[in-house]
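Work through the following exercises with the sequence and the model open beside you. Try each task before you read its solution.

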Amino acid sequence: MTTTQTTATAAAPHEIRLTDEQRREILFTAQAERIATLTAEIKARQDELDAIKRQILENHEPGTYQAGNLTVQVRAGRRTLNQNRFREKYPIGDYPEYYEIKPLPLSHLEKELGRMGVEDCISTSRPTVSVS
């Protein structure tokens, strides 16, 4: 059962009646357009922020600096291991002491054990919405 709602005033010569489904579609479209607008604004601000940070990094060594009533910390980049290069240089067969055992990917475990077999071992992140 679909309800309708009058969106024009009583004085208007023609009434426009929208179904609940039409109102939901209008709202959904407006929400998607707003997300797209906000995403573009965020990207523009992020680009500006990245440019300012690049300038600071070009002119300041790692350390803590005062900037008026603000404190700015410049940190050295985080060091991480490139696992592919490491495996090439130190193959697991020749250097097993440099490796640890980890579970297989979830998709593989679900195929082997079934979804119920790993259900109590799964954590799920928050759902997301994206608009392109």
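Predicted model: local features only at pLDDT ≥ 70, side-chain atom pairs only at ≥ 80, totals over all residues.

Residues are numbered from 1 along each chain as its sequence is written, and side-chain values use heavy atoms, with hydrogens and water left out.

**Exercise 1.** Find how many salt bridges the whole structure holds.

Solution. Begin with the criterion: a salt bridge is a side-chain nitrogen of Lys or Arg within 4 Å of a carboxyl oxygen of Asp or Glu. A search of the whole structure then gives five salt bridges.

**Exercise 2.** Describe the pair Glu21 and Arg24, and state how they are placed in helix 1.

Solution. First, the side chains of Glu21 and Arg24 form a salt bridge with an N to O distance of 3.0 Å. Next, both lie in helix 1 (residues 20-59), three residues apart, so about one helical turn separates them; a helix here is a DSSP run of H or I with at least four residues, numbered from the N terminus.

**Exercise 3.** Decide whether Glu119 and Arg115 are buried, partly exposed or exposed.

Solution. First, Glu119 and Arg115 form a salt bridge, their closest N and O atoms being 3.4 Å apart. Then apply the cut-offs for relative accessible area, with buried under 20%, exposed over 50% and partly exposed in between (1.4 Å probe, protein chains only). Glu119, at 35%, is therefore partly exposed, whereas Arg115, at 55%, counts as exposed.

Note on methods:
Helix = DSSP H or I, 4+ residues; strand = E, 2+ residues; numbered from the N terminus.
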